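Visitor: I am new to protein models. Please show me how to read one, feature by feature.

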Amino acid sequence: MYSRILHNLIAVAALAGLLSSCGIRRHKYADPIAKKTDQPDKVLFDRAINDIEHSRYEIARLTLQTLINTYDSSEFLAKAKLAIADSWFREGGAHGLAQAEAEYKDFELFYPQMEESAEAQERVCDIHYKQMDKADRDPLHAIRAEDECRQLLMAYPNSKFAPETQQKLRDVQENLAAHEYAAAVFYHHKGAMPAAANRLTTMVDQYPLFSQSDDALWMLGDSYDRMGDRFEDKAADAYTRLVKDYPLSAHADAAKQKLEAMKRPVPAADPVAYARMKYEMENRTTPSRLNRAMDMFKRAPDTSLAAKSGSPSMTILRPGIPVSVPVQTTVAAAPGAAAAGTGSDVTASVGGDTKELDTRPDARLNPPAAGGAAAPAAPAAGAAVKPADAAPVAPQQPFATNHPLTEKDRKRALKAMQEKAKKDKQTAAEQQKAAAKAAKKLAKPDVQTVAPPPQQPQSTTTPPAQTPQD
């Protein structure tokens, strides 16, 4: 008996799911038209809205397109174009959301003064907000969501969607800041302090509402501490900002001790920052154990730690230049020329006379000065350069590096240097010994032995016999 009842319940549930998937269940449209008339354009619009509410999106778009093409002066023209975008938005999927974004952008382009333009921009922001991945994944949709939400707040600051969009922007910036912070932590643990400092500096300047900004400032000061005494001022600035802007942080007392050890003034806590941090700590929501266990199976990031107050950043993220990159000095410009921004050793000028390139081989090294006057010739080879003419050379200090030597590498390098020094010493001793031997040999007098002249060999042949004369 109970099994039969259970089978009937399962059949009824399956039938209800089938009917709902076939479009019988109605999803009420958000912007209905209250005016009830029998005008043909109104009939087409109502029919399309009814199809959208019952998930018949393709039929609804065909009906709305018929209305737009047939009644080009209808009062429902703008509503029809917005309804087409809404149909794509409700359909969902990567293709549907991309089409919806294009339709919403077209609506803003054609009807910028209508109240629904703010709604269209809010939907575009929501499209990328819903597709946003976690902080350790591709931040493409998070960056797009930040741009679109910022665009809504700048273009429609008095819209009814502004408060909700502002909170969405805080959530998005929390995710982007976590992305930068994870990269900085990686560099810091690997010992690449300039890269870590660059990431952390950009992050704390761009996203001050990040929930881990105090940890980032503490790590930033530690990175500069490990980079040497030349960066003591930067480390002190990081600790000062931590004490002033994040007084309730767990690192505040340690930062004060660091400043006292550096003999730097310890600033007082900012009351506005203190009130904001206290409000965030009191209103912060903690995810449940079930949510934390299921978080690994979700695509969307956890934004429960995002700020609930404060103005989000309204500027575009611009990465800074790492301190391991040397900063070139400013070069004084010539009279009548624009001031140069950097001290590059590459210069260019336009000469008035091009025959210099053909007649002088060193014309490229001595470009003509401004006004057509020839530049002074280069000093001849072997000529001494006066100290007054030589440019002062600043002492070159070693720059910070992202690849510090480990203790094992230092021992290996020291051993190699010692072996090389020993080998060079042996080679020098052998050369000195050979030179002494050669000098001793050259110091002996040369004894020349004179060989006696060679004697003529006696002839053994007998003289011819004399014949008697008659």
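Visitor: What should I know before I start?

Guide: This is a predicted model, where local features need pLDDT of at least 70, side-chain atom pairs count only at pLDDT 80 or more, and totals for chains, interfaces and linings use all residues. Residues are numbered from 1 along each chain as its sequence is written, and side-chain values use heavy atoms, with hydrogens and water left out.

Visitor: How many helices and strands does the secondary structure of the chain come to?

Guide: Helices (H or I, at least four residues) and strands (E, at least two) are DSSP runs, numbered from the N terminus. This chain has 16 helices and 0 strands.

Visitor: What share of the residues counts as buried?

Guide: Buried means under 20% relative accessible area, exposed means over 50%, and partly exposed lies in between (1.4 Å probe, protein chains only). Here 31% of the 470 residues count as buried.

Visitor: Which share of the contacts comes from residues 24 or more positions apart?

Guide: Contact means heavy atoms within 4.5 Å. Take the contacts in the chain with a separation of 6 or more: residues 24 or more positions apart account for 62% of them.

Visitor: Now the charges. How many salt bridges does a search of the whole structure find?

Guide: Start with the general idea. Side chains of opposite charge can pair when their charged atoms come close. A salt bridge is a side-chain nitrogen of Lys or Arg within 4 Å of a carboxyl oxygen of Asp or Glu. The search of the whole structure finds 28.

Visitor: Where do K42 and D46 lie?

Guide: Both are in helix α2 (residues 40-53). They are 4 residues apart, about one turn of the helix. K42 and D46 form a salt bridge, with their closest N and O atoms 2.3 Å apart. K42 is buried at 3% relative accessibility. D46 is partly exposed at 32%.

Visitor: How far apart are K420 and D424 in helix α16?

Guide: They are 4 residues apart in α16 (residues 407-443), so about one helical turn separates them. K420 and D424 form a salt bridge, and the closest N and O atoms are 3.2 Å apart. K420 is exposed at 52% relative accessibility. D424 is partly exposed at 39%.

Visitor: Which parts does the pair of E91 and R61 tie together?

Guide: First the distance: E91 forms a salt bridge with R61, the closest N and O atoms being 2.9 Å apart. E91 lies in helix α4 (residues 77-91) and R61 in helix α3 (residues 57-70), so the pair ties together parts that are 30 residues apart in sequence. E91 is partly exposed, with a relative accessible area of 39%. R61 is buried, at 9%.

Visitor: Which residues are linked in a network of salt bridges?

Guide: E122, D126, K130, E164 and K168 are. Look at E122, which lies in helix α6 (residues 116-130). E122 is buried, at 7% relative accessibility. Leave aside its neighbours within four places in sequence, and E122 is in contact with L152, F161, E164, T165 and K168.

Visitor: How do I read a helix by its span?

Guide: The expected span is 1.5 Å times one less than the number of residues. Helix α8 (residues 162-190) has 29 residues. From first C-alpha to last, α8 reaches 42 Å, close to the 42 Å expected at 1.5 Å a residue. G191 follows α8, and its phi is positive, near 90°.

Visitor: How do I describe two packed helices?

Guide: Two packed helices are described by the angle between their axes and the distance between the axes. Axes are lines fitted to C-alpha atoms, for helices over the stretch in contact, and angles run from 0 to 180 degrees between N-to-C directions. The axes of α8 and helix α10 (residues 213-226) come within 11 Å and cross at roughly 30°. α8 and α10 are therefore roughly parallel to each other (angles under 35 degrees count as roughly parallel, over 145 as roughly antiparallel, 65 to 115 as roughly perpendicular and the rest as oblique). The contact is made by Y181, A184, V185 and H188 of α8 and D215, A216, M219, D222, S223 and R226 of α10.

Visitor: Last, the loops. Where is S55 found?

Guide: S55 is in the loop between α2 and α3. Its phi is near 65°, a positive value in a residue other than glycine. S55 is partly exposed, at 35% relative accessibility.

Visitor: Is K263 buried or exposed?

Guide: K263 counts as exposed, at 76% relative accessibility. K263 lies in the loop between α12 (252-261) and α13 (271-283). Phi of K263 is near 60°, a positive value in a residue other than glycine.
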